[in-house]
Amino acid sequence: NLLKNNVENLKLHKKKKILFINPGWEQQPLVDYLYNKNYILIGILEKKNEFIKYFKKIYYSDLRNLNKILSFAKMIKPNAVISDQCDYSMIAQAIIAEVLKLNGPSLENAQISSNKLIQRRLCKKLGIRIPNFTYGHTLSEVIKKTKKLNYPLIIKPIDNRGSFGVFKLNDQNDLSKFFYQSISMSHSRTVIVEEFIEGLHL
């Protein structure tokens, strides 16, 4: 469905310059399709990978350096921007799409997808069932707030990716042990703590 939706979006563009942010294995079918259709592919990568052979031009950047990435996008003037691999990439895609008036997620929706605190608050407001949670900026604050929650808990940065800084907590000793590791991985220096749910990960 993702491949189909991205291809449908590209049909709206008469030119063929496509900007990929952080292409990886999840984007392989789409990269192959567009490459074989002779689209001009331009990539933004954090480091070299096997996909560079598909791209006419590669630009290397920390994916959190949004000003740098946006400047590059303005320079090349793409007709479409695509990213479906990570939270950092989606935020960059949303900003490029809004500024250059291209199809893509809005920054508001990208924030909901990428920021766990915004996401949990919205789910709660809409009546979507989610684990009981709290958040905080200091260990003492989080210890105080988690007294209303039941262990085991999960602590995680509100705005990172790929399970960085995510730990299961069996008791308050674990909270004290893992808090600083988790908050060090949070770009906003905020963590979310929520009740652990046993089940099948989908």
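This is a predicted model: local features need pLDDT of at least 70, side-chain atom pairs count only at pLDDT 80 or more; totals for chains, interfaces and linings use all residues.
The chain holds 8 helices and 8 strands, and its C-alpha trace spans about 60 × 35 × 30 Å along the principal axes. The accessible surface comes to about 12000 Å², and carbon and sulfur atoms account for 52% of that. If you take the contacts with a separation of 6 or more, 54% of them are between residues 24 or more positions apart.

Now, have a look at the sheet. In what order do its strands sit? Reading across, we have S3-S2-S1-S4, four strands in an open sheet with parallel pairing. The edges are taken by S3, residues 57-60, and S4, residues 80-82; each has a single partner strand, so one side of each is left without a neighbour in the sheet. On average, neighbouring strands are turned by 20° against each other, direction ignored.

Let's zoom in on S1 and S2. S1 covers residues 17-21 and S2 covers residues 40-45; they run parallel and are joined by 5 bridges. If you want one to find on screen, Ile 18 has Leu 41 in S2 as its bridge partner.

Then come the helices on this sheet. Helix H4, residues 87-100, packs on the sheet and touches S1 and S4, with its direction at about 145° to that of S1. Helix H2, residues 28-36, lies across S1, S2 and S4 and runs at about 160° to S1.

In soluble globular proteins, nonpolar side chains tend to be buried together. Here the largest nonpolar core has 18 residues, and those touching the most other members are Leu 19, Ile 21, Ile 44, Leu 63, Phe 72, Val 81 and Ile 96. Which elements each supply at least two of the core's residues? They are S1, S2, helix H3 (66-76) and H4. H3 gives the largest share, 5 residues.

Leaving out residues up to four places away in sequence, Ile 44 touches Leu 19, Phe 20, Ile 21, Asn 22, Pro 23, Tyr 59, Leu 63, Ile 69 and Phe 72. There is also a second, separate core of 14 residues, with Val 142, Leu 153, Ile 155 and Val 191 among them.

Last topic: aromatic rings. The whole structure has 5 aromatic pairs, and I'll show you two of them. Take Phe 20 and Phe 55: the ring centres are 5.7 Å apart and the planes stand at 80°, so this pair is edge-to-face. Phe 20 lies in strand S1 and Phe 55 in the loop between S2 and S3, so the pair ties together parts 35 residues apart in sequence. Are these two rings on buried or exposed residues? Phe 20, at 0% relative accessibility, counts as buried, and so does Phe 55, at 8%.

The other pair is Tyr 35 with Tyr 54, where the centres are 5.1 Å apart and the planes at 90°, so that pair is edge-to-face too. Tyr 35 sits in helix H2 and Tyr 54 in the loop between S2 and S3, so this pair links distant parts of the chain, 19 residues apart. Tyr 54 is buried, with a relative accessible area of 16%, whereas Tyr 35 is partly exposed at 39%.

Definitions and conventions
Residues are numbered from 1 along each chain as its sequence is written. Side-chain values use heavy atoms; hydrogens and water are left out. Two strands pair if DSSP finds at least two bridges between them. Axes are lines fitted to C-alpha atoms, for helices over the stretch in contact, and angles run from 0 to 180 degrees between N-to-C directions. Contact means heavy atoms within 4.5 Å. A nonpolar core is a set of buried Ala, Val, Leu, Ile, Met, Phe, Trp, Tyr and Cys residues joined through side-chain atoms within 4.5 Å. Buried means under 20% relative accessible area, exposed over 50%, partly exposed in between (1.4 Å probe, protein chains only). Accessible areas come from the Shrake-Rupley method with a 1.4 Å probe; for residues, only the protein chains shown count as cover. Rings of Phe, Tyr and Trp (its six-membered ring) pair if their centres lie within 6.5 Å; planes under 30 degrees apart count as stacked, over 60 as edge-to-face and the rest as tilted.
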